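Trainee: Could we go through this one together, starting with charge on the surface and then moving on to the rings?

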Amino acid sequence: MTVKKRLSSAQIIILGFAGVILMGSLLLMLPISSQARVVTPFSDTLFTATSAVCVTGLVVQDTATYWSAFGQTVILLLIQIGGMGVVTVSVALSLVSGRKINLRQRSTMQESISAHQVGGIVKLTYFIIKMTVIFELLGALLMSPVFCKEFGFWKGIWYSVFHSISAFCNAGFDLMGVEAPYSSLTGFSGEPIINIVIMLLIVIGGIGFITWDDIKVNRLKFHRYRMQSKVILSVTACLIFLPAIYLFFFEFSELPMEERILGSLFQSVTLRTAGFNTLDLTKISEVGVGIMIILMVIGGSPGSTAGGFKTTTLAVMLANAGSVFCRREHPQFFGRRIEDSVVRHAATLVTMYFVMFMTGGFIISRVEGLPLLTCLFETGSAVGTVGLSMGITPGLGQLSRIILILLMYFGRVGGLTLIFAAVAGHQGNTARLPQGKLTVG
């Protein structure tokens, strides 16, 4: 007699993302998806669909000039599903259709958005849907006067909606190839409305759904926030303003003051896994590129539309180092102790992400014969689901594209999710081995 094995929450999440990617790849292969009305090779559509669902923004075909209106719509839907999360979208559809959400669905939803408890998940889902629609519509409305003036009314409306959803979901896909292929938002580097709205959408989408709930309930009473929300907001602020100061003084000093301020802030914000750029990244120094790579791999926050190993993981590692320096037994934040298991998970994630993106960079550099730093930029952008590029992705070979696809997928579903999916149903060994002495440092 065989016993039917049930999928774990982690397995449902990774299979859900894989299923949506495959469906998107097949839709993009249809002749109606390309402007030339030709069948696009599966390797190109797989890369594009993975980039869209994993809200990355790396592309092998220019989104504006290669894909038709139908193809762009498919990409936008994939971005929306990937940004909100496959599980969130499926639960939302169940709620809209009037179906009841069972305990298993609630548990999967909890893991998908990194909520601390199952209770209140349905209410939180309604809140996520409502706020997503509000922010994306508001962003589109604010940008529409600029885009309508530039591209005409209907095209301007479409551009406003597309870029609002892409920015909020931290995807980085753009339609500015009509002016220059793969140009992103460089044509709007001095336009304050586009810069500010896109930056706000990126930050709001990247701080996480749980943090939104805290802000809604507690407003400006920061001391009442959950410890996680406090950590996320503090680390996010530091990761935006400190790199912006560096970029302002050392990378963009030749620009006019207004464009210099906007450019420094925008490039710093977009490293939160958004993928847009308003300035030419190929002109940045090697030091600047190195800093950007590290920031891209860090990414956004848990339970958000962003990827990377997350701001909270960085905070835990820094707090753990601080506890060693201060000879404290446990790392702590805001008067609260951090569990040892959280520190172990954080160390595992950091190790996994850096090994993955560095190994990928080494392989691509060797296979393609390209500078290592440039290749590390692409792999860091992929695993952090950022989408910024040094311009080499469209010309990469099949092996290099496969590496980027795997890194984007890994970066979106999360390292721990993949680990938990792989070991689901396996009981860990609880036996304790004899203790050995090892000196470090």
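Trainee: Which residues gather in a patch of positive charge on the surface?

Mentor: Lys123, Lys130, Lys216 and Arg219 gather there, where a patch takes residues with over 30% relative accessible area and no salt bridge, like charges being joined within 9 Å. A salt bridge would be a side-chain nitrogen of Lys or Arg within 4 Å of a carboxyl oxygen of Asp or Glu. This is a predicted model, in which local features need pLDDT of at least 70 and side-chain atom pairs count only at pLDDT 80 or more, while totals for chains, interfaces and linings use all residues. Residues are numbered from 1 along each chain as its sequence is written, and side-chain values use heavy atoms, with hydrogens and water left out.

Trainee: Is Lys123 buried or exposed?

Mentor: Lys123 has a relative accessible area of 66%, so it is exposed (over 50%; buried is under 20%, partly exposed in between, with a 1.4 Å probe and protein chains only). Its place is in helix α7, residues 121-151, a helix being a DSSP run (H or I) of at least four residues.

Trainee: Rings now: how many aromatic pairs are there?

Mentor: The count comes to 19 aromatic pairs, taking rings of Phe, Tyr and Trp (its six-membered ring) with centres within 6.5 Å, and calling planes under 30 degrees apart stacked, over 60 edge-to-face and the rest tilted. Phe135 and Trp212 are edge-to-face, because their ring centres lie 5.8 Å apart with the planes at 65°.

Trainee: Where do those two sit?

Mentor: Phe135 lies in helix α7 and Trp212 in helix α10 (residues 209-218), so the pair ties together parts 77 residues apart in sequence. Both Phe135 and Trp212 are buried.

Technical notes:
Patch = residues over 30% accessible without salt bridge, like charges linked within 9 Å, V, L, I, M, F, W, Y side chains within 5 Å. Areas by Shrake-Rupley, 256 points an atom, 1.4 Å probe, with all protein chains shown as cover. Lys, Arg positive; Asp, Glu negative; His and termini not counted. Charge placed at Lys NZ, Arg CZ, Asp CG, Glu CD.
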